Amino acid sequence: MNEIKLFSPATVANVSCGFDVLGFCLEAIGDEMVIRKTANKGVKITKIEGYDLPFEVKKNVAGVSALALYEAANPDFGFEIEIYKKIKPGSGVGSSSASAAGSVYGMNVLLGSPYTPLELTSFAIKGEALASKSEHADNIAPALYGGFTLVKSLEPLEILQIPTPDDLFAVVIHPQIEIKTADARKILPKEIPLKNAITQWSNVGSLIHGLHTNDYELISRSLEDVVVEPFRSQLIPGFESIKKAALEYGALGTGISGSGPSVFSLCKSQTTAIKVEKAIRKAYSKYTIPFEIYVSKINMDGIKKLN
Ligand code: HSE
């Protein structure tokens, strides 16, 4: 095989209480990429459509992660990358991770799959770090593994796959403002009160238990973030209105997707998700900010080959 076309999905990081460790994969939105072997050695980005991003490999997240893998594999041929960007950069649904994970996934397939998803995650983190100025894997892991993931640790890198209840759906609203992850990280406090830490780790533990036991009630009671949301929600006009509308129409919980401005709601059943989507759409129409909103199944496969 000399060429692969793939779908690299959007992801929701943090999932309320799990800042920098929890994430899940979306099905409704993602980038497309084509990775091709070339006779000339090295990595080149030959096409970018959708958004204005750098072609220079060392300045492009897909390029930086690709170089990390390329240097490790040291093949006697090269790769070229085409990026058809559908996920808006700075939207909070893992745009940079989709690019960073997509390039290494495709190259790995063309090399005969010598690397595990864990190793691919470690290469992709290098690309993600270029965009967000910090190494975190909570978007990359769900993009590569699918479903829900927990980043147990970065050093050494350890990723856990968490089961996903069958009837779980996400609603994601994307107000059309840009929040840079690096900026959204700067506003966070360096230390947190012990009381909040206790609430947060109890929520993470119970959310994981709820996902393991299909306990939607427990999932609902665990989707609470007392550490990050109070700071970052101020960057998202209308955040409280979105949350109120979603919870009133039966969402299990609502929180900031990654570093925002997208806001996710988790729902039990597609029917509820559709109702929640309508309620949020109505509530947010009162604001002057244009937005996109969609309902998505949880994507259990992660990145996949197209055709
Ligand atoms: N965990 C990261 C953050 C995800 O919230 O800053 C954003 O990419």
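These legends describe close-up views of one predicted model. Residues are numbered from 1 along each chain as its sequence is written. Local features need pLDDT of at least 70, side-chain atom pairs count only at pLDDT 80 or more, and totals for chains, interfaces and linings use all residues, while side-chain values use heavy atoms, without hydrogens or water.

**View 1. The shell around the ligand.** The residues around the ligand are A13, N14, F19, D20, H136, D138, N139, T181, R185, R232, G258 and S259. Each has a heavy atom within 4 Å of the ligand. The shell divides into 2 nonpolar, 6 polar and 4 charged residues. Here Ala, Val, Leu, Ile, Met, Phe, Trp, Tyr, Cys and Pro count as nonpolar; Asp, Glu, Lys and Arg count as charged; the others, Gly among them, count as polar.

**View 2. Two domains and the ligand.** Why does the ligand lie between domain 1 and domain 2? Both domain 1 (3-162 + 301-306) and domain 2 (168-297) give residues to its shell, so the ligand lies between them. The domain bounds come from an automatic or database assignment.

View 3. A polar contact here is a pair of N or O atoms within 3.5 Å. A polar side-chain atom of D20 lies 2.5 Å from a ligand nitrogen. For D138, the distance to a ligand nitrogen is 2.6 Å. R185 places a polar side-chain atom 2.6 Å from a ligand oxygen. The protein covers 96% of the 260 Å² of accessible area that the ligand has on its own (Shrake-Rupley method, 1.4 Å probe).

**View 4. Two cis peptide bonds.** One joins E155 and P156, with omega about 0 degrees. Another joins G260 and P261, with omega about 5 degrees. Most peptide bonds are trans.

**View 5. A positive phi at S113.** S113 is not a glycine, yet its phi is about 55 degrees. Most residues other than glycine have a negative phi.

Technical notes: A polar contact is a pair of N or O atoms within 3.5 Å; within protein, one must be able to donate a hydrogen and the other to accept it, and residues adjacent in sequence count only if both atoms are side-chain atoms.
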